[in-house]
Amino acid sequence: MTRSDHGEPLVNAGLPRLSRAADASLMRIAGPPVEWAVSEGLVPYEEAVAEMEARAAAIAAGEARERVWLVEHPPLYTAGTSADDADLVEPGRFPVHRTGRGGQYTYHGPGQRVAYAMLDLTRRRQDLRLYVAALEDWLIGTLERFNVRGERREDRVGVWVRRPDKGPGVEDKIAAIGIRVRRWVTYHGIALNVEPDLSHFTGIVPCGVSAHGVTSLVDLGQIVSLPEVDMMLRAEFERVFGPTIDG
């Protein structure tokens, strides 16, 4: 864990994993429900960050409900607080946004479901390792509903799938995690590859991991739509974190 100039905790790949996935259930609360919102079309990244920051501040002030916001972005790269400039393989291919979330370079684009989670950890647990484990549990449970086995890795944040079809020991990343926490309210969140153009990831070293590839639900043979994925994401979010309400 590192800290920004203002002392807000950040999360990146340096955080150790929890030993038991069941521990993630400690993030669940009975209510009030979390607002669940889905945006149509492609949301500009800077607009999304501004809206997240405003909502997180309102939550911290007790003026707004917790929120999960599902979006798609136009093709772009983001550079987290640990990003190495050498990992930007093709400068100029897509816009690059420097962002305050933890982590390194990531790609966002059409066909990828980004879920921004603005949750108040003072009402849950003020434990960032536990929160990251809960996000992983949320993703793994969602993938299970599509008959895809997602797995954690002790040395890598995100969710991974084994690819025996590509060779012994081959693994691909199917979902990324990058968060920021201010006054114990989270923002940023997760990105699940549903049907993005996987060639767009070649312009960066995704999350600084060069030894493994990237995959998606469609790449794995699961032909699903974003609304279907959204439905499963919501069900699994409620299992891990608690009830939701339409926002």
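Reply: Ring pairs link Trp36, Tyr131, Trp138, Phe237 and Phe241 into a cluster. Rings of Phe, Tyr and Trp (its six-membered ring) pair if their centres lie within 6.5 Å; planes under 30 degrees apart count as stacked, over 60 as edge-to-face and the rest as tilted. Keep in mind that this is a predicted model: local features need pLDDT of at least 70, side-chain atom pairs count only at pLDDT 80 or more, and totals for chains, interfaces and linings use all residues. Residues are numbered from 1 along each chain as its sequence is written, and side-chain values use heavy atoms, with hydrogens and water left out.

Me: How many aromatic pairs does the structure hold?

Reply: There are ten aromatic pairs. One of them is Tyr77 with Phe94, edge-to-face.

Me: Why is the pair of Tyr77 and Phe94 called edge-to-face?

Reply: The planes stand at 65 degrees, with 5.5 Å centre to centre, and the label needs over 60 degrees. Tyr77 sits in strand S5 and Phe94 in the loop between S5 and S6, so the pair ties together parts that are 17 residues apart in sequence. Strands here are DSSP runs of E, at least two residues, and helices are runs of H or I, at least four, numbered from the N terminus.

Me: What makes Tyr77 count as buried?

Reply: Its relative accessible area is 0%, and buried means under 20% (exposed is over 50%, partly exposed in between, with a 1.4 Å probe and protein chains only). Phe94 counts as buried too, at 17%. Leu88 is also buried, at 15%.

Me: Which residues does Leu88 touch?

Reply: Leaving out residues up to four places away in sequence, Leu88 touches Tyr77, Val96, Tyr105, Gly203 and Ile204. Contact means heavy atoms within 4.5 Å.

Me: Why does the span of helix H2 agree with expectation?

Reply: The expected span is 1.5 Å times one less than the number of residues. For the 17 residues of H2 that should be 24 Å, and its end C-alpha atoms are 24 Å apart, so the two agree. H2 is mostly covered, with 15 of its 17 residues buried.
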